[in-house]
Amino acid sequence: MRIKVLPDTVINQIAAGEVVERPSSVVRELVDNAVDAGATDVCVMLESGGHSRLKVRDNGCGMSRDEAILAFERHATSKVSSIEDLTTIQTMGFRGEALASIAAVAKVRLVTRSRESEVGTSVTYRGGKLADVQSCAWSEGTEIEVEHLFFNVPARRKFLKSPRSEMAKIRTWLAQSSLARPDVRYRLIADGDEVLNLPRAGSLEERGAQVCPGDLMPVSFTEGGITVAGRLGHPGQALADATGLVVLINNRLVSDKIVVRAVREGYDSMLKDREFPVGYLAISLPAPDVDVNVHPQKSEVRFRHPNQIFAVVQGAVLSAVRRIKRPMQVPMQMKMQVPQPVAENAAVAAAPAITMRAQPLSFMQAAPAESSRSLQDLVREAFPEGPRYQPAPQAVSSYVRQEDVAPQVAEAPRMPVLAPAPAAPVAAPDEGEFRFSSLRYVGQVLNCYLVCELDERLVVVDMHAAHERVNYNRIRRARAEQKLTTQKLLIPESVKLTAEQVAALMDQQEALAALAFEIKQSSLDTVEIHGVPAIISHLRCGALLKELAAEPVVEGWRERLEERIDHMAARIACHASVRSGDTMSRPEAYALFAQMDEAELSGACPHGRPVVAEFSRDAVERWFGRDR
């Protein structure tokens, strides 16, 4: 096979394939150029999702006639003049490939006028070839129209998504990228309908409220010349992928695995393996410490000190997450279902239905049903201020020791369970900060929820999630202070498992030992529990070990041993807590509220589920139509 030089048309189409992937790629390049030109108003117009036509119009500085023609040459740019400039890039574009790449695979018309020019210039390209240059009347700024993308590369065109998908992709990108430039107005018009209009904002927070509305916690952190700012959602809002997390690096929208992992780590144990938080973070650092010239589409970056970035982002998120104490704000929306026309011969006319919808619904869902157990002494120990705890009849499990049930009939010696630990030092509350102890307890509903009032608000507390948070914090604090002791069992508890589960459990012996468990393998499919953490010595722990043995363990967990230990600690806290179906008295509820005021991360349980949700009086009155 003989080596030869490719024709310019093929070279340009290859380059276009790296830069232009779909209509959203074109929009990204053109909007970036508009922002670099100093535009304060950018309008994107689509037809058929950009398949047939798209336009980007701006009020930037515009170009002269010669510059407009030169702009379509490969690597023609006004932003880089020497190799040193690549280390201090502040603009969104810099390679000078955008217009050349787009023009190689579409029909492009550029109309522009600079402030110094008396008339505008129109330049037309078809398939990478200059077709026409004319003078025309035009206001200051630039408009670029792209028609029939990939018309000369049909193999690429058939891989485009549907017009609806492309429009949604462009809308999402435009909204997210607008966080980098709050001072710019962004509009999106699709097939004649305005689907996005983001007016200029005075700050990142103001633009964030436009793009990411809802109850998000603020993040503000500076260390080592790195600043992290933005807002993040409650762990109960987490998604199954990272699409809900917007990351800006020096005002550049990017996708970076280091930052995403640091954000997840910052949520401590409150996110599951496949959960990702929602919100946005703007990270600022010195330009020489980040390389933006590593991806043709400028969607990735490389850090000079990745470990430092990871540590700072993780610390910033953790400092914000620790302040999760206030209830989840649950907006209620009335949804009127319009009755459908009924035929004249219809026997019965359906009545109009009125439904109420909480958004998002996941905030309101109860935790999965859990196995019952005896709690006669648990709450007496956990809530020393309250009276003797009396569980509901169905709360007694089939595996509870007879001596655990006996106190329901006659007094028995108290069992050592979750003895109250010294409270961790807590900073004085800010004025207006949510306090559980300020709630006025009304009653318990649906077996698990404590209904309260506070300042014209309806507040609902998940008693299991709240107690789970208290117990989890105690376990972690006891381990940190090396006070997590083992209670030897007089008679070892035998636990029957599968051979695979026994192997998996014994493989995690180091993590179990860190939580004061002593287990031994007695046969191919059986383990024996010889010691348990003293704080749960009143419980049969066989069910807990069965849960841990049945869980799939993430690959590489040994390198993240502390994360695995925290996950196990959350399981222990779950088993040691009050359950749905147990009855909690008023003094016990107030004792739990007092302990929650002292608890770190009291707004969510160790698994990330909300502990408390609130509804404004206005929202409640909307339920019943009192706002009309």
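Let's start with helices α13 and α15, which sit roughly perpendicular to each other. That's because their axes cross at roughly 95°, and anything from 65 to 115 degrees counts as roughly perpendicular. Keep in mind that this is a predicted model.

**The α13–α15 crossing**

- Helix α13 covers residues 499–507 and helix α15 covers residues 542–550, and their axes come within 8 Å.
- On the α13 side, the contact is made by Q501, A504 and L505.
- On the α15 side, L545, L548, A549 and A550 take part.
- What kind of residues make up the contact of α13 with α15? Six are nonpolar, one is polar and none is charged.

**The three-stranded sheet by α13**

- α13 also lies across β23 and β24, running at about 150° to β23.
- The sheet here is an open one of three strands, in the order β22-β24-β23, with antiparallel pairing.
- β22 (486–496) and β23 (518–523) each have a single partner strand, so they stand at the edges with one side left without a neighbour in the sheet.
- From one strand to the next, the twist averages 20°.
- β22 pairs with β24 (residues 526–533) in the antiparallel sense, over seven bridges.
- If you want a spot to check on screen, look at S494, whose bridge partner in β24 is E528.

**Nonpolar cores**

- The largest nonpolar core has 53 residues, and L30, V31 and V146 are the ones with the most contacts inside it.
- Which helix gives this core its largest share? Helix α2 (residues 23–36) does, with six residues.
- Skipping neighbours within four places in sequence, L30 touches L54, V56, L99, I102, I144 and V146.
- A separate core of 36 residues lies apart from that one, and its members include V228, I309, A316 and I324.
- As a bit of background, nonpolar side chains in soluble globular proteins tend to be buried together.

- T124 stands opposite D132 in β5.
- Two residues lie between the strands of this hairpin, and G127 takes a positive phi near 60°.

**Two non-glycines with positive phi**

- F150 isn't a glycine, yet its phi is positive at about 65°.
- You'll find F150 in the loop between β6 (141–147) and α5 (154–157).
- Is F150 buried or exposed? Its relative accessible area is 1%, so it falls below the 20% cut-off for buried.
- N447 isn't a glycine either, and its phi is positive at about 70°.
- The loop that holds N447 runs between β19 (440–445) and β20 (449–454).
- N447 counts as partly exposed, because its relative accessibility is 44% and the band for that label runs between 20% and 50%.

**S602, a buried loop residue**

- S602 belongs to the loop between α17 (586–598) and β25 (612–616).
- Despite being in a loop, S602 counts as buried, at 1% relative accessibility.
- What does S602 contact beyond its neighbours within four places in sequence? The list is I324, K325, F436, R469, M596 and V611.

Methods:
Residues are numbered from 1 along each chain as its sequence is written. This is a predicted model: local features need pLDDT of at least 70, side-chain atom pairs count only at pLDDT 80 or more; totals for chains, interfaces and linings use all residues. Side-chain values use heavy atoms; hydrogens and water are left out. Two strands pair if DSSP finds at least two bridges between them. Helices (H or I, at least four residues) and strands (E, at least two) are DSSP runs, numbered from the N terminus. Buried means under 20% relative accessible area, exposed over 50%, partly exposed in between (1.4 Å probe, protein chains only). Contact means heavy atoms within 4.5 Å. A nonpolar core is a set of buried Ala, Val, Leu, Ile, Met, Phe, Trp, Tyr and Cys residues joined through side-chain atoms within 4.5 Å. Axes are lines fitted to C-alpha atoms, for helices over the stretch in contact, and angles run from 0 to 180 degrees between N-to-C directions. Angles under 35 degrees count as roughly parallel, over 145 as roughly antiparallel, 65 to 115 as roughly perpendicular and the rest as oblique. Ala, Val, Leu, Ile, Met, Phe, Trp, Tyr, Cys and Pro count as nonpolar, Asp, Glu, Lys and Arg as charged, and the others, Gly among them, as polar.
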